[in-house]
Amino acid sequence: MSFARMLAAATARHDSLLCVGLDPDPARFPAGMKGDASRIFDFCARIVDATKDLVCAFKPQIAYFAAHRAEDQLEQLMAYIRRNAPEVPVILDAKRGDIGSTAEQYAREAFVRYQADAVTLSPFMGFDSIEPYLPYDGKGLILLCRTSNPGGSDLQFQTLDSGDRLFEHVARLAAGAWNRDGRLGLVVGATFPQELARVRELAPTLPLLIPGVGAQGGDAAATVRAAWRPDGPIIVNSSRAVLYAGAGEDFAAQARTVALATRAELAAARG
Ligand SMILES: O=C(O)c1cc(=O)[nH]c(=O)n1[C@@H]1O[C@H](COP(=O)(O)O)[C@@H](O)[C@H]1O
């Protein structure tokens, strides 16, 4: 099934706009696992089990695996999610961007090696850096647009000759010329609700991946009000606030409690 259909189905079935980000940091694992990179899979699998009925997507961040030589555990985790939560789409957060021949390898990594349903990409190198992902039918390609970090403004807020700021230009391209077969989405931070509303205006029906609630302090309700539309899906990511809600043996139950509360807050704002 395509990413778009999986996302719509999981959003409806779990009544959820929440994506749990899988950013496993062994230094923050609970006692018994703490500091042990060989337990990355175990930690993430417990979080998946505890939240899989509450989410519209999972988003593993590849650096948290690669930094610990734990790519094999990421493969194991992707297979685990497919087996135990087959209705939940998985967005591989890799933020790739490179010339075509290298992008072909990144695309293969995301969709063949890891079997992701969608991947995050940097649009900075232009359309020919996105094109190699298109042959993978149905997969979602989510382009960085207005990122959640303060330094995102350094480039994304620059005004172009057209009068658009760079993030607006990216949103226009993703909603128009670049969206050849309707599989593009955009990343916009929850930390910037005004820009979120602007991106939604420029790209009314694109799926928006919205990180920044929880640990980065973004306002969940403002996010939904700015970006959700019945025909414009949103995927609101929270990673650390869920993963490290508890530091004890009951960490998975604590993660579930935070996920439940965040999901409820998002649902209330949608009305
Ligand atoms: O593409 C992303 O997911 C992303 C884009 C962005 O603008 N800001 C951002 O925080 N992210 C990712 O979203 C997650 C946020 O994590 P928390 O701040 O712990 O919820 C991390 O995996 C980031 O790499």
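Which residue's side chain meets aspartate 181 in a salt bridge? The partner is arginine 183, at 2.9 Å from N to O. Here a salt bridge means a side-chain nitrogen of Lys or Arg within 4 Å of a carboxyl oxygen of Asp or Glu.

This is a predicted model, in which local features need pLDDT of at least 70 and side-chain atom pairs count only at pLDDT 80 or more, while totals for chains, interfaces and linings use all residues. Residues are numbered from 1 along each chain as its sequence is written, and side-chain values use heavy atoms, with hydrogens and water left out.

Searching the whole structure turns up 15 salt bridges. Three of these pairs are set out below.

| Pair | N to O distance |
|---|---|
| Arginine 256 and aspartate 53 | 2.8 Å |
| Glutamate 168 and arginine 198 | 2.6 Å |
| Aspartate 181 and arginine 183 | 2.9 Å |

Let's start with arginine 256 and aspartate 53, whose closest N and O atoms are 2.8 Å apart. Arginine 256 sits in helix 11 (residues 251-270) and aspartate 53 in the loop between helix 2 (40-51) and strand 2 (57-60), so their pairing ties together parts 203 residues apart in sequence. Helices (H or I, at least four residues) and strands (E, at least two) are DSSP runs, numbered from the N terminus.

Next come glutamate 168 and arginine 198, joined by a salt bridge at 2.6 Å. Glutamate 168 belongs to helix 7 (residues 166-175) and arginine 198 to helix 8 (residues 193-202), 30 residues apart. Glutamate 168 is buried at 6% relative accessible area, whereas arginine 198 is partly exposed at 22%; buried means under 20%, exposed over 50%, and partly exposed in between (1.4 Å probe, protein chains only).
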